[in-house]
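I opened this notebook to record what I looked up about rings, charges and packing. The entries follow the order in which I consulted the structure.

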Amino acid sequence: MPVRTTATLATFLAAGLVPLTLPAASASAAPAKYGDDFNGDGYRDYAYASFSARGGGGVTVVYGTATGPGTSKQRITQSSPGVPGTDEADDMFGEVRAAADFDGDGYGDLAVAATGENGFQGAVTILWGSPSGLSTGTALPNKNPGRNNYMGKDLATGDFNGDGKQDLAVINESMTYVYRGPFKRSGTTGAVTKLDKTSSFYASALISGKVDGDKKTDLAIIGDVVSPEYTASDVWFIKGGATSLTPGKSLRLESESGNGGSAERGGDGVIADFNKDGYGDIAIGTPLYSKHKGRVSVWYGSSAGPSRSTRLTQATSGVAGTPENRDEFGSSIAAGDVNGDGYADLAVGVPGEEIDGQDYAGGVHVFKGRAGGLSGAGSQWFARNTPGVPGPLMADDQFGGLVRLRDTDDDGTADLYVSGVGSLRLPGSASGITTAGATDYNTMPIDGFLE
């Protein structure tokens, strides 16, 4: 990792967007109900990365209907009309995406990273929503230009100062920059705050949500911690505030001795209320933990921010299976209410699970939310050899490599979407995820379900 010298606390910078001549939004428009409703029809839309053999990447958008993803699609690249930049090989445009109504005009917008842009300096473009969907874009100013800084390595949205305007957090050279909204198509935005904990903390992922129960969005920054004695991963809590973001405490996720460990040790994360106490809880998977056995750390929210923590593994009482090297429990996680009881539940992918001698067959655990929080009690396990799950059990399927929970049929229960060699949909029900009605899912890659 590169050596860098930065301030420990937040630094405030002036900001402005690269201008693009577009009609101004109506001052009377209400913000979009869903940040990923790009055409304002009241249904959530879907945007996934789509790469061609020669181009620099792209985003394919599937527009939603009352029953989930529909048949209307569009593909946007840096060659599309009004989109800044040039479609060049290895730009990776669309690899990272985050949705919000950035200009408050009633149409969701999409922030799209191109981490390979301009010698891997990276870039972030906001694609604007409209009655006809996403069209044209504006480039976010790069506040820390430099080769191999990978601006846009991760993105997170939220109203971090509670002013009713959506903001955008961006990783750039292992630091986090929070751009304040509103974002104007004419080329202006609010100030930018730089967050950097110490010179040995390298931000790798962002999660946003309301942890302490107030109206302001909070931020959790996952990062690697490197010292001569160990390599570790932490999550750093940042409290949202009306005038400033307040750096808070950290939770150690995992570590290994020596400083030659793998980078980006902390992985996927969500914020959801698993114990229904009104405070968001932070859940993070660390698939590299203990020779890639993997585990999930849950840091419960409170009025004072994150408080007690617990860990989930395949050694947790009530959880199917046994922790084994290369299982990578927690490679992907997702939150949603699978049984309609008002508690958020947690799906955890285990793509390296060996089953019946088949290496990397994979599977998925579903942990049920309840008043005491997440535990192994009543947890569910699904793999290709589970009765009713479509598809053959086979090596290298890596079933559970990506998981999503989303109520696409509007029945009040979230359905489980799982990727492997092919993707599946397992419906939610009053008793949890069920294989009754389980089907192959070929509408689109499930990374289009923006969380």
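**Aromatic rings and the core**

I began with Tyr-417, which is buried at a relative accessible area of 1% (buried means under 20% relative accessible area, exposed over 50%, partly exposed in between, with a 1.4 Å probe and protein chains only). The model is predicted, so I note that local features need pLDDT of at least 70, side-chain atom pairs count only at pLDDT 80 or more, and totals for chains, interfaces and linings use all residues. Residues are numbered from 1 along each chain as its sequence is written, and side-chain values use heavy atoms, with hydrogens and water left out.

I then looked up the partner of Tyr-417: Tyr-441 forms an edge-to-face aromatic pair with Tyr-417, 4.9 Å centre to centre and 75° between the planes. Rings of Phe, Tyr and Trp (its six-membered ring) pair if their centres lie within 6.5 Å; planes under 30 degrees apart count as stacked, over 60 as edge-to-face and the rest as tilted. Tyr-441 is buried as well, at 9% relative accessibility. I found Tyr-417 and Tyr-441 in one aromatic cluster with Tyr-46 and Phe-449.

Next I examined Phe-201 and Trp-236, an edge-to-face pair at 5.9 Å centre to centre, with 80° between the planes. Phe-201 is buried at 2% relative accessibility, and Trp-236 is buried at 4%.

Which charged end sits over the ring of Phe-201? I found that of Lys-197, 5.6 Å from the ring centre (the rule asks for NZ of Lys or CZ of Arg within 6 Å of the ring centre and within 35 degrees of the ring normal). Likewise, the charged end of Arg-295 sits over the ring of Tyr-289, 4.1 Å from its centre.
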